[in-house]
Amino acid sequence: MQSIVRFGEVSALRPYEILVIVDPRPTDEEIAALLTQLGEQITSLKAEVVKMENWGKRRLAYDIRKQREGTYAVFEVAAEPAMVKEFERQLRLNESVLRFLSTRVPIRKKARPAKTQEVVEEVG
């Protein structure tokens with residue numbers, strides 16, 4: 001990960017997952033272009049797109065803007081909280097985006113290997 005130093009404070013990029021549900025009516029090529037554009041928007045905010053997955057069309061639990069289906073995509077991003085907040089603002093302005101959900105992924109510390117105890121058998 002990358003860290004940025006500003007006036008004595010250290011600000012590290014944190015891992016986020018951003019789930020985006022897009023209007024299913026455009027063609028697959030148009031949706032791919034939209035997802036590429038969203039990825040470029042995140043990158044322009046100086047965040048790192050680690051991975052982007054297109055999950056395809058899925059049925060929604062309830063209608064959103066009179067749509068029964070939506071195209072799901074997940075972005076795995078390394079960013080600062082302010083970057084994610086600005087990206088969420090941009091998603092609200094995009095009419096093709098039905099819903100989105102940003103979650104911060106907790107950083108798991110590496111587990112220490114368990115100490116193995118040797119069993120000594122007595123032969124008698």
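The model is predicted; local features need pLDDT of at least 70, side-chain atom pairs count only at pLDDT 80 or more, and totals for chains, interfaces and linings use all residues. Residues are numbered from 1 along each chain as its sequence is written, and side-chain values use heavy atoms, with hydrogens and water left out. The protein chain has two helices and six strands, where helices (H or I, at least four residues) and strands (E, at least two) are DSSP runs numbered from the N terminus.

**Confidence**

- The protein chain has a mean pLDDT of 86, and 80% of its residues reach 70 or more; pLDDT is the predictor's confidence in each residue, from 0 to 100.
- Residues 3–10 have a pLDDT below 50, and this stretch has eight contacts in the model beyond near neighbours in sequence; a contact means heavy atoms within 4.5 Å.
- Where pLDDT is low, the predicted coordinates should not be read in detail.

**Overall layout**

- Read from the N terminus, the order of elements in the protein chain is β-β-β-α-β-β-α-β.
- Of the 124 residues in the protein chain, 32% are buried; buried means under 20% relative accessible area, exposed over 50%, and partly exposed in between (1.4 Å probe, protein chains only).
- Taking the contacts in the protein chain between residues at least 6 apart in sequence, 69% join residues at least 24 apart.

**Strand pairing around strand 5**

- Strand 5 (67–79) is mostly covered, with ten of its 13 residues buried.
- Eleven bridges link strand 4 and strand 5 in the antiparallel sense; two strands pair if DSSP finds at least two bridges between them.
- Within strand 5, valine 77 has valine 49 opposite it, and glycine 70 has arginine 58 opposite it.
- Strand 3 and strand 5 also pair in the antiparallel sense, over nine bridges, and leucine 19 stands opposite valine 74 in strand 5.

**The turn between strands 4 and 5**

- Strand 4 and strand 5 form a hairpin with two residues between them.
- Arginine 65 lies in the loop between these strands and has a positive phi of about 50°, although it is not a glycine.
- Lysine 66, also in the loop between strand 4 and strand 5, has a positive phi of about 60° and is not a glycine either.
- With a relative accessible area of 80%, lysine 66 is exposed.

**Nonpolar cores**

- The largest nonpolar core has 21 residues, and those with the most contacts inside it are Ile18, Val20, Leu35, Leu38, Phe75, Val77 and Leu91. A nonpolar core is a set of buried Ala, Val, Leu, Ile, Met, Phe, Trp, Tyr and Cys residues joined through side-chain atoms within 4.5 Å.
- Strand 3, helix 1, strand 5 and helix 2 (81–93) each give two or more residues to this core.
- A second, separate core of five residues includes Ile21, Leu60, Ile64 and Tyr72.
- Not counting residues up to four places away in sequence, leucine 91 touches Ile18, Val20, Leu38, Val97 and Phe100.

**Aspartate 23**

- Aspartate 23 sits in the loop between strand 3 (14–22) and helix 1 (28–44).
- Aspartate 23 counts as buried because its relative accessibility is 10%.
- The side chains of aspartate 23 and arginine 25 are joined by a polar contact of 2.7 Å. A polar contact is a pair of N or O atoms within 3.5 Å; within protein, one must be able to donate a hydrogen and the other to accept it, and residues adjacent in sequence count only if both atoms are side-chain atoms.
- Apart from neighbours within four places in sequence, aspartate 23 is in contact with Ile31, Gln67, Thr71, Ser96 and Leu98.

**Arginine 59**

- Arginine 59 is part of strand 4 (residues 48–64), and counts as exposed because its relative accessibility is 59%.
- Leaving aside neighbours within four places in sequence, arginine 59 is in contact with Arg68, Glu69 and Tyr72.
- From C-alpha to C-alpha, arginine 59 and glycine 70 are 6.5 Å apart in space, while they are eleven residues apart in sequence.
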